[in-house]
Amino acid sequence: MKILIINSAEPEIREFVLNIQQHFNDSEVTCTLLEYADCLQTDLLAYDGIVISGSPQGDDIVEHHQPFFQWILNYPKPILGICAGHHITAVLYGGSYLRGLESESGDLPVDLLVDDPIFHGLPQQLTVHQMHNDSVTLPDGFIHIAQSSQCLNQGMKHQEKALYTFQFHPEYLNPKLFENFAAICKKD
């Protein structure tokens, strides 16, 4: 099995993707790192699943990155979007980008709202790492799967395919989510 990790931050910012890569390496899952600007020149179907990392860039990231991520709309294999990946996906599917309305920072609780394979073996409330000023609304065609007291859309899943996104950063405290994502990729 091969997982592609797309760095949605600028190339010199590796913190998010290296942490994600380490979790997959610990589970003996083969993964490749790719910069977001290289998505259009890459055979994305060669991978069993894709993880889209977070980014510290704010304000214009969704507008700027959308041309590189249009493939999300038709990609048939599992996707896991984190923070910026959550924002980009939501806006591509018609959600709204909320600037500065639901910011969170630090290790905080998130409630899991559904029973889903992505949450296999996890308690109904998780402590997760947050570092966001912006958030997104739930687009049509998505199921609301996680929330916190400050940020309503902490997680969502597409109704018809294995497309998951999270506002929080599981690469810091929640490696089980990557293990579960890999299991979803194996089944798909």
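How many residues does α5 have, and how far does the helix reach from its first C-alpha to its last? It has 13 residues and reaches 19 Å, close to the 18 Å expected at 1.5 Å a residue (the expected span being 1.5 Å times one less than the number of residues). A quick note before the views: this is a predicted model, with local features needing pLDDT of at least 70 and side-chain atom pairs counted only at pLDDT 80 or more, while totals for chains, interfaces and linings use all residues. Residues are numbered from 1 along each chain as its sequence is written, and side-chain values use heavy atoms, with hydrogens and water left out.

**View 1. The open sheet, strand by strand.** Here we have 9 strands in the order β2-β1-β3-β4-β11-β10-β9-β6-β7, with mixed pairing. Helices (H or I, at least four residues) and strands (E, at least two) are DSSP runs numbered from the N terminus, and two strands pair if DSSP finds at least two bridges between them. β2 (30–35) and β7 (125–132) sit at the edges with a single partner strand each, so one side of each has no neighbour in the sheet. On average, neighbouring strands are turned by 25 degrees against each other, direction ignored. Axes are lines fitted to C-alpha atoms, for helices over the stretch in contact, and angles run from 0 to 180 degrees between N-to-C directions.

**View 2. β4 alongside β11.** Strand β4 (residues 79–82) and strand β11 (residues 163–166) run parallel, joined by 4 bridges. Look for Ile 82, whose bridge partner in β11 is Phe 166.

**View 3. Helix α5 on the sheet.** α5 (residues 175–187) packs on the sheet and touches β1 (2–7), β3 (49–52), β4 and β11; its direction makes about 150 degrees with that of β3. Contact means heavy atoms within 4.5 Å. Buried in this helix are Leu 177, Phe 178, Asn 180, Phe 181, Ala 182, Ile 184 and Cys 185 (buried is under 20% relative accessible area, exposed over 50%, partly exposed in between, with a 1.4 Å probe and protein chains only). Those buried residues pack against β1, α1 (15–26), β3, β4, β11 and α4 (170–173).

**View 4. Where α1 meets α5.** The two helices pack at about 60 degrees, their axes 10 Å apart, and the crossing is right-handed. As for handedness, left-handed has the near helix turned anticlockwise from the far one by less than a right angle, and right-handed has it clockwise. Ile 20, His 23 and Phe 24 of α1 meet Pro 175, Phe 178, Phe 181 and Ala 182 of α5.

View 5. Gly 49 belongs to strand β3 and counts as buried at 0% relative accessibility. Beyond its neighbours within four places in sequence, Gly 49 contacts Lys 2, Ile 3, Leu 4, Pro 78, Phe 181 and Cys 185. Ile 50, in strand β3 too, is buried with a relative accessible area of 0%. With neighbours within four places again set aside, the contacts of Ile 50 include Leu 4, Trp 71, Tyr 75 and Phe 181.

**View 6. Asn 174 in the α4–α5 loop.** This residue lies in the loop between α4 and α5. Asn 174 counts as buried at 6% relative accessibility. Not counting residues up to four places away in sequence, Asn 174 touches Leu 126, Thr 127, Val 128, Phe 168 and His 169.
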